[in-house]
Amino acid sequence: MMMGSGSMETMTTPTSSMAHHSGMASMTMSSMDMASSSATASMDMSSSQSTDSSMGMGMDMGMSMNSHLTTKYAGYPVVFETLQAASGGAAFGIFCVLFFSAFFFRGLSFLGAYIEQRVFVPTKLTEDAGSSSTEEEEIKCCGPATATEIGLNQNTSDRSVLAKFFHVTPQSLYRDFVRLIIVFVSTMIGYALMLAAMSFVLLYFFAIVLGIAFGEIFFLRLSHAFGIRPAGTFCVTLH
């Protein structure tokens, strides 16, 4: 009996140790699962917080943009990120820049009309006037029959519109290059002024409007003084 009880105690001891080890292993696995779940939860929370913060920053940036006319100009960029006023003197400087840019923009229209009507066209008009006077002299000298022949020859010498369009000479290329420069600079300044007006800052808006108005009056009077037909008012070119 004593031997049997001893054997039973010996058998019971390994069983209890195995149960103890299995309990420890299960506790370790549960702790690992809890740690992994807590790490995953912390990562999810950090990612959601970063997303919320980025959305908040985007909303703040969107809300900081002006959507109506305002007198607040401090720290607001105009066209360029560094072009912003921190004081009244700096705001007046930006006002002058926009005013004279608008004035110069209107002057480019006058420059284009002046070049087209006084620099490029007179050569052609002189050639046409010389050819017409020569034809009149030939008609007076040679009689009506020769005049008819001259008219026929003139009609046959006229080229089609397509041939005139593709007739390229160094002089025509030079003229097109000058036109390209004027149009490029005028368009660039015009869109820059549009972006400045879209800042909705009242001071800058009036600088652009006043510059265009004074430029319109000044260059219209200059056009009349030079006898140049205006290329069109700025209000027409806005459309």
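Figure 1. Phenylalanine 226 is partly exposed, with a relative accessible area of 36% (buried is under 20%, exposed over 50%, and partly exposed in between, with a 1.4 Å probe and protein chains only). The model is predicted, so local features need pLDDT of at least 70 and side-chain atom pairs pLDDT 80 or more, while totals for chains, interfaces and linings use all residues. Residues are numbered from 1 along each chain as its sequence is written, and side-chain values use heavy atoms, without hydrogens and water. The structure holds twelve aromatic pairs (rings of Phe, Tyr and Trp, the last by its six-membered ring, with centres within 6.5 Å; planes under 30 degrees apart are stacked, over 60 edge-to-face, the rest tilted). In one of these pairs, tyrosine 114 and phenylalanine 226 stand edge-to-face, with 5.7 Å from centre to centre and 80° between the planes. The pair ties together parts that are 112 residues apart in sequence, because tyrosine 114 lies in helix H2 and phenylalanine 226 in helix H6 (helices are DSSP runs of H or I, at least four residues, strands are runs of E, at least two, and both are numbered from the N terminus). Tyrosine 114 also counts as partly exposed, at 28% relative accessibility.

Figure 2. Ring pairs join Phe103, Phe110, Tyr114, Phe218, Phe219 and Phe226 into a cluster. Leucine 222 is a residue of helix H6, and its relative accessible area of 25% makes it partly exposed. Between leucine 222 and phenylalanine 110 there are 8.5 Å in space, C-alpha to C-alpha, although the two are 112 residues apart in sequence.

**Figure 3. The largest nonpolar core.** This core has 18 residues, of which Leu98, Leu193, Tyr204 and Ile208 touch the most other members (a nonpolar core is a set of buried Ala, Val, Leu, Ile, Met, Phe, Trp, Tyr and Cys residues joined through side-chain atoms within 4.5 Å). At least two residues of this core come from each of helix H2 (88–142), helix H5 (170–197) and helix H6 (202–226). H2 gives the largest share, seven residues. Leaving out residues up to four places away in sequence, isoleucine 208 touches Leu98, Ala102, Leu193, Ala196 and Ala197 (a contact means heavy atoms within 4.5 Å).

**Figure 4. Serine 186 in helix H5.** Serine 186 is found in helix H5 and is buried, with a relative accessible area of 19%. Its contacts, not counting residues up to four places away in sequence, are Phe105 and Leu108.

**Figure 5. A nonpolar surface patch.** Val79, Phe80, Leu83, Tyr191, Met194, Leu195 and Met198 make a nonpolar patch of about 680 Å² (patch residues have over 30% relative accessible area and no salt bridge; nonpolar side chains, of Val, Leu, Ile, Met, Phe, Trp or Tyr, are joined within 5 Å, and like charges within 9 Å). A salt bridge is a side-chain nitrogen of Lys or Arg within 4 Å of a carboxyl oxygen of Asp or Glu. Valine 79 sits in the loop between helix H1 (2–64) and H2; at 40% relative accessibility, valine 79 is partly exposed.

**Figure 6. The setting of the close-ups.** The protein has seven helices and zero strands. Of its 239 residues, 17% are buried. Among contacts between residues at least 6 apart in sequence, 75% join residues at least 24 apart. The protein exposes about 17,600 Å², 71% of it supplied by carbon and sulfur atoms (by the Shrake-Rupley method with a 1.4 Å probe; for residues, only the protein chains shown count as cover).
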